[in-house]
Amino acid sequence: MPEFVSSRKFAAGEKIFSIGDRGQHAYFIESGEVEVLIPKNGDTIVIAELGIGEIFGEMSMIDDAPRSATVTAKTDTEVIEIQRSRFIQPLKSKDPMMDLLLRVVLSRFRDAQRQMSGIKAQPDDMDASLEEIRALAIERIQEERDLRRGMDANEFEMHYQPIVTLEDGHIAGFEALMRWKKQDGYVSPVDFIPLAEATGMIVELGRLALETGLRDHKVFINGFKQAFPDLAVPFMSVNVSGLQLSSLDEIDLLAGLIKDSGLDPATVKLEITESLMMEDPEHAAKALKKLKALGILLAIDDFGTGYSSLSYLHQFPLDTLKIDRSFVINMDKSESSNRIVRSIAQLALALEMDIIAEGIEEKNQMDDLRELGCQYGQGFHMAKPLPAGNVVELIESGPSW
Ligand code: C2E
Ligand code: CA
Ligand code: CA
């Protein structure tokens, strides 16, 4: 872990940074006072005095341009020094639009500052990086527009992957997985879900996933009852993103879709990722309780990839734990993956949860997972996610794995 934040002391009169320096830190004043100075008509003038709780040196954080003022300690001063990367990394990983906005605001501000002090505007490093960001943002705007167009044109559909019992291989349920059908083929959700999440469009897409999933679920149940009258009807599992659960109103709306479907709620499952639950465990607990009250099933998805705290895990009303594919892939290569899978299976048992292993690509993985105590599995070895029509055929023809 790099040290992003550290504490520093300056004696009265000591310079913290000078005009023209490369700015690699912003500062937060813990105690004392500082003066901000700029040159004017051959003199140096004080343009600001800052005290406890104030921040300075932040401008160079965004654009990496040289310091536009000098700052000295007026009294003995203690500051918290915050590294540039502490600001830049979250900014870049979150949203290029936000990055663009900040940079444009800053460049306008600097232009105004230059004009006021009579310095002619000149193209500098800043303009080059701004162009790069601008290009990125334009690309992003086009992607967003395309996503919106795809939604309006009903280009999103659901595919379904069977989840089977490892004991005898019969179908226990399906996971609904979204696909974007474009002219030149299907786009994978890994390529559009992150954008849909960043723009909030996932809320609308998520409703669509649930609505479509429930509709197709009815058809699958009917087909299944005919083919396997003695087996329990399969469940339908739908992925839900954090943004959908962040509003209690949206939860009510999703609950309404489930109620109005007329389906037995005990055959409807929602998958929520581990990371989502751990980001805000208190809110997650509230949201999950609200959903659980409908009588539906809840699954924790991608288990093992985040950093679940066991103390929280048992507070969530979860029915199913899905072991991430990465453990299954490594099972025959590493003894430790085997041990992890076995421990997770034991943990699930102790918490009275079902366990589904994801990403089974080979027969021997299916056998190993059964030995390790997993009840259910899902993966290309059994079937890839299929369009609804093919699922009905699959149910009729019965398992071949
Ligand atoms: P996920 O929820 O972990 O879904 C399982 C992913 O593993 C699916 O990828 C599935 O096709 C893939 N998979 C299943 N078995 C195997 C296997 O044996 N080998 C390999 N290599 N892969 C396997 P997919 O469909 O591309 O979906 C990717 C992710 O996109 C999903 O991961 C989920 O996080 C997200 N996603 C998909 N549909 C939705 C949706 O309707 N709403 C939300 N919020 N997210 C969705
Ligand atoms: Ca999932
Ligand atoms: Ca998963």
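How far is a nitrogen atom of ligand 1 from an N or O atom in the side chain of glutamate 361? The separation is 2.5 Å. The model is predicted.

## Ligand 1 and its polar contacts

Glutamate 361 is one of 24 residues that surround ligand 1. The closest are Met178, Arg179, Arg325, Glu361 and Phe380. Arginine 325 places a polar side-chain atom 2.6 Å from a nitrogen atom of the ligand. Methionine 178 uses its backbone instead: a polar atom there is 3.0 Å from a ligand nitrogen. On its own, ligand 1 exposes 800 Å², and the protein buries 84% of that.

## The pocket

Ligand 1 sits in the largest pocket. E10 supplies the largest share, four residues.

## The calcium ions

Four protein residues donate to the calcium ion (ligand 2): Glu175 (OE), Asn239 (OD1), Glu271 (OE) and Asp301 (OD). They lie 2.2 to 2.4 Å from the ion. Their spacing in sequence is E-x63-N-x31-E-x29-D. Glutamate 175 belongs to strand E10 (residues 171-182) and asparagine 239 to strand E12 (residues 235-240), so this pair ties together parts 64 residues apart in sequence.

Glutamate 175 has 4% relative accessibility and counts as buried. Asparagine 239 is partly exposed, at 27%.

Definitions and conventions. Residues numbered from 1 in each chain as written. Chains lettered and ligands numbered in written order. Predicted model: local features only at pLDDT ≥ 70, side-chain atom pairs only at ≥ 80, totals over all residues. Heavy atoms only, no water. Donors = N, O, S within 2.8 Å, 3.2 Å for Na, K, Ca; no water. Helix = DSSP H or I, 4+ residues; strand = E, 2+ residues; numbered from the N terminus. Buried < 20%, exposed > 50% of the residue type's maximum accessible area, 1.4 Å probe, protein only. Near = heavy atom within 4 Å. Polar contact = N/O pair within 3.5 Å; in protein donor to acceptor, adjacent residues only side chain to side chain. Areas by Shrake-Rupley, 256 points an atom, 1.4 Å probe, with all protein chains shown as cover. 1 Å grid on protein atoms, 1.4 Å probe; cavity = no way out; pocket = protein on both sides within 12 Å on 5 of 7 lines; lining within 4 Å. Sits in = over half its atoms within 2 Å of the grid points.
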